[in-house]
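Subject: Structure for you to look at

Hello,

Here is the structure I promised. Please open it and keep it beside this email as you read.

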Amino acid sequence: MSVTETEQRRDTARILDVREDFEVSEGIIPGALHIPMDQLQGRLSELDPAVPVIAVCRSGNRSARVADALNGAGFSADTMTGGMTAWTRAGLPTT
């Protein structure tokens with residue numbers, strides 16, 4: 001999913017940032033839930049299976065693996081193509 005599509009769906013989907021803490025300190029999509037990839041299994045209860053998930057990382061590689069795992073666990077999940085690198089390059093907001 002493109003950064004534009006992600007921006008348009010921010011109010012209807014859960015943005016899940018799977019980067020490490022040091023990466024998130026550089027900026028996160030407003031309203032995103034931060035769960036580092038290696039903590040996801042133990043924190044799945046923080047996600048609502050009824051709400052679509054858009055997984056985000058730095059470049060799109062880790063988030064693609066997370067989206068696949070979430071889909072396998074019964075969630076509806078996509079990944080944001082290009083990750084936060086593409087998001088910031090597009091001039092979209094971060095906090």
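Below is what was found in it.

This is a predicted model, so local features need pLDDT of at least 70, side-chain atom pairs count only at pLDDT 80 or more, and totals for chains, interfaces and linings use all residues. Residues are numbered from 1 along each chain as its sequence is written, and side-chain values use heavy atoms, without hydrogens and water.

Start with the elements. The protein has 4 helices and 4 strands. These are DSSP runs, numbered from the N terminus: helices are H or I with at least four residues, strands E with at least two. From the N terminus on, the order is α-β-α-β-β-α-β-α. The radius of gyration (over C-alpha atoms) is 12 Å, close to the 12 Å of the globule rule for 95 residues, so the protein is as compact as a globular protein of that length. That rule is 2.2 Å times the number of residues to the power 0.38.

Next, the sheet. The 4 strands form an open sheet in the order β2-β1-β3-β4, with parallel pairing. Its edge strands are β2 (33–34) and β4 (77–79), each pairing on one side only. Two strands pair if DSSP finds at least two bridges between them. Strand β3 (residues 53–56) and β4 are joined by 3 bridges. Val 53 has Ala 77 in β4 as its bridge partner.

Last, the packing. Of the 95 residues, 43% are buried, meaning under 20% relative accessible area (1.4 Å probe, protein chains only).

Best wishes

Terms used
Buried means under 20% relative accessible area, exposed over 50%, partly exposed in between (1.4 Å probe, protein chains only).
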